[in-house]
Amino acid sequence: MMKKIITAKFANLFLIAIISVFTFTMFNGCDENNPLNPTVTSRLQLTHASPDAPNIDVYIGSSKIASNLAYLSTLSYTSITGDAVSRIIVNAANSSTILIDTAVYFLRDRSFSVFVFDSLQKIQPLILTDSSSSPGSINASLRFINLSPNSPSLDVGAVSKIQPWFPFYSFPKASPYRPIVGGIYTVYANLAGTSTTLVTVPDVNLPARGIFTIIANGYVGGTGAKAFGFTLIPNN
């Protein structure tokens with residue numbers, strides 16, 4: 001009888017040991033593709049594109065990730081927790097005045113861009129997923145976003161090309177990425193469907209293998225820092 005009790009006791013201990021080893025392996029063997037792993041990360045960059053907003057401070061939750069970010073400046077990619085909600089707070093610089101307070105669920109293993117845009121009265125965030133696919137050894141990848149609050153619909157392209165790269169883009173429309181043969185271009189914005197040119201920017205460098213976003217910014221008819229133009233933002 002004693003022998004049976006001892007055998008049963010050891011069998012139970014053996015089962016507990018097996019369960020413990022399995023549990024330890026399951027949680028410690030998680031990699032960055034396993035949602036049980038709390039350390040999986042994504043990346044986020046932020047661009048200040050509101051032409052009449054002040055400089056801004058940017059927070060992810062309670063952590064400040066940018067101080068006194070000026071108009072048309074871009075915060076380099078910063079790591080965020082993937083498969084989780086992150087609270088993004090944008091304040092007027094050096095103040096407690098909240099301009100944007102939003103919570104966003106970010107998927108894991110992705111790169112995201114946040115654009116603070118529109119006029120100060122209507123300031124808001126635009127959140128896009130960035131490309132992580134290599135454009136190859138010859139091409140660059142380029143997308144366009146019309147972030148000029150008073151802009152008409154635009155055709156955007158290169159002076160050397162017959163067809164625009166991005167036809168009929170109104171505020172605040174964002175294009176998908178498209179391949180562009182790597183090179184240096186003079187880029188224009190025309191009133192959509194016409195030959196009326198609103199702005200031309202020479203020497204826009206789009207090297208092969210690069211991934212970029214080009215935004216239309218400022219006000220049509222604006223002057224100084226608020227003038228209508230283009231800003232090129234690297235995404236890799």
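Me: What share of the contacts with a separation of 6 or more comes from residues 24 or more positions apart?
Reply: They account for 60% of those contacts in the chain. A contact means heavy atoms within 4.5 Å. This is a predicted model, where local features need pLDDT of at least 70, side-chain atom pairs count only at pLDDT 80 or more, and totals for chains, interfaces and linings use all residues. Residues are numbered from 1 along each chain as its sequence is written, and side-chain values use heavy atoms, with hydrogens and water left out.

Me: How many helices and strands are in the chain?
Reply: One helix and 16 strands. Both are DSSP runs numbered from the N terminus: helices are H or I with at least four residues, strands are E with at least two.

Me: Which strands form the open sheet of four?
Reply: The order is β12-β9-β15-β16, with mixed pairing. Strands pair if DSSP finds at least two bridges between them.

Me: And which are the edge strands?
Reply: β12 (178-181) and β16 (229-234), each pairing on one side only.

Me: How do β9 and β15 run, parallel or antiparallel?
Reply: Parallel, with six bridges joining β9 (residues 139-146) to β15 (residues 211-217). R143 stands opposite T213 in β15.

Me: New topic. How much of the chain is buried?
Reply: Buried residues make up 41% of the 236 residues. Buried means under 20% relative accessible area, exposed over 50%, and partly exposed in between (1.4 Å probe, protein chains only).

Me: Where does L107 lie?
Reply: In the loop between β6 (98-106) and β7 (111-117).

Me: Why does L107 count as partly exposed?
Reply: Because its relative accessibility is 36%.
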